[in-house]
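Thanks for coming, everyone. I'll take a few minutes to walk through one structure. Please have a look at it first.

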Amino acid sequence: MNSLILDELDRSIVHALHIDGRAPFSRIASVLGVSDQTVARRYRRLRSAGSLRVIGLPNARPLGWVEWFVRVQVTPDAAVPVADALARRPDTSWVCLTSGGTQIVCVTRARSSHERDALLLGQLPRTPRVTGVTAHCLLRVFAGGPSGWHGRADSLTPEQACALAPEPPQHPQQRVVLQEGDEQMLAILARDGRTTYPDMAKVTGWSEVTAKRRLAHLVRRGALFFDVDIDPLLLGFETLAILWLTVDPARMRRTAEVIAARPEVAFAAATTGPTNLLVFVACHDVDSLYDFLEDGIGNLPGIRQLESAPVIRSSKRVGAGDGATTPVGRRPATTR
């Protein structure tokens with residue numbers, strides 16, 4: 001069994017899917033100057049190995065949902081079972097176990113105060129060996145989400161990226177109301193964002209034309225976006241960490257924008273709570289993480305305090321499908 005290694009063409013395909021997760025293989029192939037069959041074969045190899053998938057995700061803000069960052073304190077023997085149980089929930093993403101093995105962190109989407117309270121006040125506190133739960137509302141996302149993680153996508157030229165770029169959403173701040181059949185479509189896209197229209201029609205009861213039209217509507221309104229779920233190890237990022245920063249409110253926007261522009265930053269958001277800026281970073285090694293902390297954010301004005309914790313296990317990276325459980329630093333093995 002050999003470790004899967006991405007070559008330049010693999011990385012170009014990942015970049016293309018980062019730009020447009022549902023771009024036809026023929027269009028990607030044309031931009032990259034290879035055959036349709038080559039792109040399809042490379043994608044399916046990565047997909048079947050569990051190393052890469054495109055996922056369709058609801059965008060919380062246009063739908064009127066609220067996202068929360070949750071920190072769950074547990075006893076060491078309960079950490080993995082609780083983390084995996086959270087990963088199986090359709091409303092969670094970024095389910096990780098941090099250093100020490102007694103803290104689980106995740107992002108969860110709540111459609112209503114009832115859903116929020118059911119999880120935070122009902123289900124989690126009753127879970128055996130959970131010793132504490134804190135939740136922080138995500139106020140503004142500066143990196144990640146619909147914008148994706150730009151640090152993983154740097155293989156295409158600006159001209160190639162432009163040729164693949166879809167039309168930007170129209171009126172993304174306006175509220176979008178889900179209709180009958182949308183839930184089923186979102187559920188199947190969360191498992192595979194490249195699901196065909198015939199398969200969408202089967203699960204929704206729509207015609208293929210209706211499925212295509214409804215998907216296009218949700219994307220155009222900014223209520224649905226496509227992301228690439230890829231193991232950071234395949235891109236050479238062996239050290240993952242979560243940072244909690246306390247930033248002067250008057251400097252929050254500028255500080256968050258500077259941090260979000262760094263290629264190491266996979267996610268950054270302003271939050272409620274004693275710390276007010278949450279950052280997920282992916283670095284090549286621990287030395288790179290130190291350099292990021294010292295040079296990347298150490299000199300930024302307005303940062304009062306910084307707490308950091310390396311991720312030692314990821315139960316779920318993004319999306320609502322089954323989590324990909326990978327201890328950080330262990331490269332998944334598969335045949336080439």
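This is a predicted model: local features need pLDDT of at least 70, side-chain atom pairs count only at pLDDT 80 or more; totals for chains, interfaces and linings use all residues.

**Charges, rings and bridges**

Asp291 sits in helix H12, which covers residues 286-296. Is Asp291 buried, partly exposed or exposed? Its relative accessibility is 39%, so it counts as partly exposed. The cut-offs are under 20% for buried and over 50% for exposed.

Now to the aromatics. How many aromatic pairs does a search of the whole structure find? The number is 6. One of them is Trp94 with Phe280. Their ring centres are 5.0 Å apart, the planes are at 45°, and the pair is classed as tilted. This pair links distant parts of the chain. Trp94 is in strand E4, residues 92-98, and Phe280 is in strand E10, residues 277-283. The two are 186 residues apart.

Stay with Phe280. Phe280 has a relative accessibility of 4%, so it counts as buried. Phe280 also pairs with Phe267. Why is that pair called edge-to-face? The planes of Phe267 and Phe280 stand at 85°, with the centres 5.8 Å apart, and therefore the pair is edge-to-face. The cut-off for that class is planes over 60 degrees apart. Phe267 belongs to strand E9, residues 265-271, and Phe280 to strand E10, so this contact ties together parts 13 residues apart in sequence. Phe267 counts as buried because its relative accessibility is 6%.

Which residues do the ring pairs link into a cluster? They are Phe69, Trp94, Trp244, Phe267 and Phe280.

One more word on Trp94. Its phi is near 50°. That is a positive value in a residue other than glycine. Arg129 is another case to look at. Arg129 is not a glycine, yet its phi is positive, about 70°. Where does Arg129 lie? It is in the loop between helix H6 (113-126) and strand E6 (130-143).

On to salt bridges. A whole-structure search turns up 15 salt bridges.

First example: Arg45 and Asp10. Their closest N and O atoms are 3.0 Å apart. Arg45 is in helix H3, residues 36-48, and Asp10 is in helix H1, residues 8-19, so the bridge ties together parts 35 residues apart in sequence.

Next example: Arg304 and Asp248. Here the N to O distance is 2.3 Å. Arg304 is in strand E11, residues 303-316. Asp248 is in the loop between strand E8 (239-247) and helix H11 (252-260). The pair links distant parts of the chain, 56 residues apart. What about exposure? Arg304 is exposed because its relative accessible area is 58%. Asp248 has 24%, so Asp248 is partly exposed.

Arg262 is partly exposed, with a relative accessible area of 26%. Glu264 counts as buried because its relative accessibility is 16%.

Asp10 and Arg45 are the pair from my opening example, with N and O atoms 3.0 Å apart.

To finish, one more arginine. Arg71 lies in strand E3, residues 66-74. Its relative accessibility is 14%, so Arg71 counts as buried.

Then turn to the ring cluster, with Trp94 and Phe280 among its members. Happy to take questions.

Key:
Residues are numbered from 1 along each chain as its sequence is written. Side-chain values use heavy atoms; hydrogens and water are left out. Helices (H or I, at least four residues) and strands (E, at least two) are DSSP runs, numbered from the N terminus. Buried means under 20% relative accessible area, exposed over 50%, partly exposed in between (1.4 Å probe, protein chains only). Rings of Phe, Tyr and Trp (its six-membered ring) pair if their centres lie within 6.5 Å; planes under 30 degrees apart count as stacked, over 60 as edge-to-face and the rest as tilted. A salt bridge is a side-chain nitrogen of Lys or Arg within 4 Å of a carboxyl oxygen of Asp or Glu.
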